Amino acid sequence: RVLCEAWSLVERRSRGMELHVVGIERHSRDDVNAQGRVIFHGRQAAIEIAKLHRQCTLFVLPSLMDNSPNALVEAMASGMPCVASDAGGIPSLLRHGETGWIVPAGDAMALAEAILRLLADRDLMCRLGAAANAEVQNNRPSVVAEETVRIYRSIVAGEPTV
C-alpha cells in the first residue's frame with residue numbers, strides 16, 4: 001500500500017518510469033492506481049532478481065516490519081542505491097545518507113520524496129550504491145570469520161581488542 005501511494009506521487013512529478021514489483025501476490029495489482037507502467041514479476045529465483053537489479057536504477061523496500069531482509073542485502077550487494085523504511089532491523093543494515101536512504105515506515109510522502117531526491121542526484125545514487133556494496137562485502141562470512149578469529153587471538157594474548 002505504501003509503495004503504491006508513493007508511486008502515484010512519484011509518477012505525478014516524473015513521468016515515463018517503470019515500477020518493477022517482485023514477490024507481491026497477484027491480488028495487489030488492483031491496489032496500484034499509478035498512471036505509469038507497473039510490472040509485476042511475482043516470486044522470482046535469485047538469478048532473475050539479479051537480472052532485474054542490473055536493469056533497474058533504484059531499489060525500494062517500504063516494509064512496515066522486517067527483521068533482516070535478504071532482498072535489501074541482495075540489492076546492496078548489487079551496488080544499487082537503496083531506499084528503505086526504518087522498520088525492524090533495516091536501520092542496522094542501511095545507514096541513512098551513507099549506504100542508503102531511510103524513511104519512516106508507512107510514510108508514502110517521505111518515500112516518494114526520497115525516491116525523487118535520489119533520482120534527481122545521479123552522484124548521490126552512485127555514492128550510496130558503492131557504499132552499500134562495500135558494506136555488504138565487509139560482512140561476507142570470510143571477512144566476519146577473520147575478524148572474529150583476530151579478536152579471539154587478541155583476547156587470548158591479553159591485547160586490547162579495539
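The side chains of Glu98 and Arg95 form a salt bridge, with 2.9 Å from N to O, in what is a predicted model. Arg95 is also bridged to Glu135, where the closest N and O atoms lie 3.0 Å apart. This second pair connects distant parts of the chain, since Glu135 belongs to helix α6 while Arg95 sits in the loop between α4 (90-93) and β5, 40 residues apart. Through shared partners, the salt bridges join Arg95, Glu98 and Glu135 into one network.

Glu98 counts as partly exposed because its relative accessibility is 46%, and Arg95 counts as partly exposed at 33%.

## Salt bridges elsewhere

The whole structure contains 6 salt bridges. One of them pairs Arg1 with Glu5, and the closest N and O atoms of this pair are 2.8 Å apart. With a relative accessibility of 57%, Arg1 counts as exposed, whereas Glu5, at 37%, counts as partly exposed.

## The nonpolar cores

The largest nonpolar core has 24 residues, and the members that touch the most others are Val10, Leu58, Val83, Trp101, Val103, Leu111 and Leu118. At least two residues of this core come from each of α1 (2-13), β1, β5 (101-103), α5 (108-119) and α6 (122-138). Helix α5 provides the largest share, 8 residues. Setting aside neighbours within four places in sequence, Val10 contacts Met17, Ala112, Ile115 and Leu116.

A second, separate core comprises 14 residues, including Phe59, Met80, Cys82 and Ala132. In soluble globular proteins, nonpolar side chains tend to be buried together.

Helix α2 spans residues 46-55, and Ile49, Leu52 and His53 are buried within it. Viewed down the axis of α2, the buried residues fall within an arc of 105°, so they line one face of the helix. The cover over these buried residues includes β1 (18-22), β2 (37-42), β3 (59-61) and α3 (70-77).

On the face of α2 turned away from the buried side are the exposed residues Ile47, Arg54 and Gln55. Glu48 is also placed in helix α2, and its relative accessibility of 30% makes it partly exposed. The C-alpha atom of Glu48 is 23 Å from that of Ile115, and the two residues are 67 residues apart along the chain.

Conventions:
Residues numbered from 1 in each chain as written. Predicted model: local features only at pLDDT ≥ 70, side-chain atom pairs only at ≥ 80, totals over all residues. Heavy atoms only, no water. Buried < 20%, exposed > 50% of the residue type's maximum accessible area, 1.4 Å probe, protein only. Helix = DSSP H or I, 4+ residues; strand = E, 2+ residues; numbered from the N terminus. Arc of directions from axis to C-beta. Contact = heavy atoms within 4.5 Å. Core = buried A, V, L, I, M, F, W, Y, C linked by side-chain atoms within 4.5 Å. Salt bridge = Lys/Arg side-chain N within 4 Å of Asp/Glu carboxyl O.
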